[in-house]
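Here's a quick tour of a structure you can follow along with on screen. Take a look at it first, and then we'll go through it piece by piece.

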2 protein chains.
Amino acid sequence: MNKINIHEKFSLFEENWTPKVIAQSNGQLVKIAKGDGELVWHKHDNEDELFLVFQGQLTLQLRTGDIILNPGEMYVVAKGVEHCPKALPDTHFLMVEPASTAHTGTTKSEMTVASEQQTWL
Amino acid sequence: MNKINIHEKFSLFEENWTPKVIAQSNGQLVKIAKGDGELVWHKHDNEDELFLVFQGQLTLQLRTGDIILNPGEMYVVAKGVEHCPKALPDTHFLMVEPASTAHTGTTKSEMTVASEQQTWL
């Protein structure tokens, strides 16, 4: 594989809440996404989900309170924990999660991007 | 858990080539380390190892050539691939790898930090 420049990868797409896969490691996928506004409440019963912010601000709304992530900040949403990400305009973030992780868990939404539609960049 | 500010975590230690654990997710550990100079050639037979650079420059020397990582760049060293990291002074980087990953694989060195000695920050 070649090295991956993350900012360069972010320049290759515009859509919000549409994860793009940039690497795999130990059965987990590294994905990047842009956000603006709110996704939907959902949970992943079997997968932890790691979020790391590169630009903007990503708020992980949890039932217990908000986790507000600025650039250089990360958080792991544990399996089974309901969350609803929301973001300021032009927010860029990275996720690490098992290949089995459904975008919006068991919640179906117009915004859901099925795993097989999550393209590699 | 609380959110993790990665730059703040880097301010908490000075040692080079001494991974500190900052999070776990799906059985994998997120570690940060500082580098300066060269570690040792080694490989991990069963674990891929993800590197992401935050500051400085990390070169992953492989038998097939060098992968030179600047801030915002990442690379996954696949299981079984021999590598020897080297770094410019004041290099800061993050790794994601299974909890089972030995620091310098099957190579023992004065620089090796056993997993049980890799402290949480």
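## A helix and its histidine

Helices (H or I, at least four residues) and strands (E, at least two) are DSSP runs, numbered from the N terminus. With that in hand, B:His7 sits in helix H1 of chain B, residues 6–10. B:His7 is partly exposed at 45% relative accessibility, where buried means under 20% relative accessible area, exposed over 50% and partly exposed in between (1.4 Å probe, protein chains only).

Skipping neighbours within four places in sequence, B:His7 contacts A:Gly72 and B:Phe54; contact means heavy atoms within 4.5 Å. B:His7 and B:Phe54 are 47 residues apart in sequence, yet their C-alpha atoms are 8.6 Å apart.

## Ground rules

This is a predicted model, so local features need pLDDT of at least 70 and side-chain atom pairs pLDDT 80 or more, while totals for chains, interfaces and linings use all residues. Residues are numbered from 1 along each chain as its sequence is written, chains are lettered from A and ligands numbered from 1 in written order, and side-chain values use heavy atoms, leaving out hydrogens and water.

## The core

The largest nonpolar core has 30 residues, and A:Ile6, A:Leu52, A:Met74, B:Ile6, B:Leu52 and B:Met74 touch the most other members. Such a core is a set of buried Ala, Val, Leu, Ile, Met, Phe, Trp, Tyr and Cys residues joined through side-chain atoms within 4.5 Å.

Not counting residues up to four places away in sequence, A:Met74 touches residues including A:Leu69, B:Ile6 and B:Val30.
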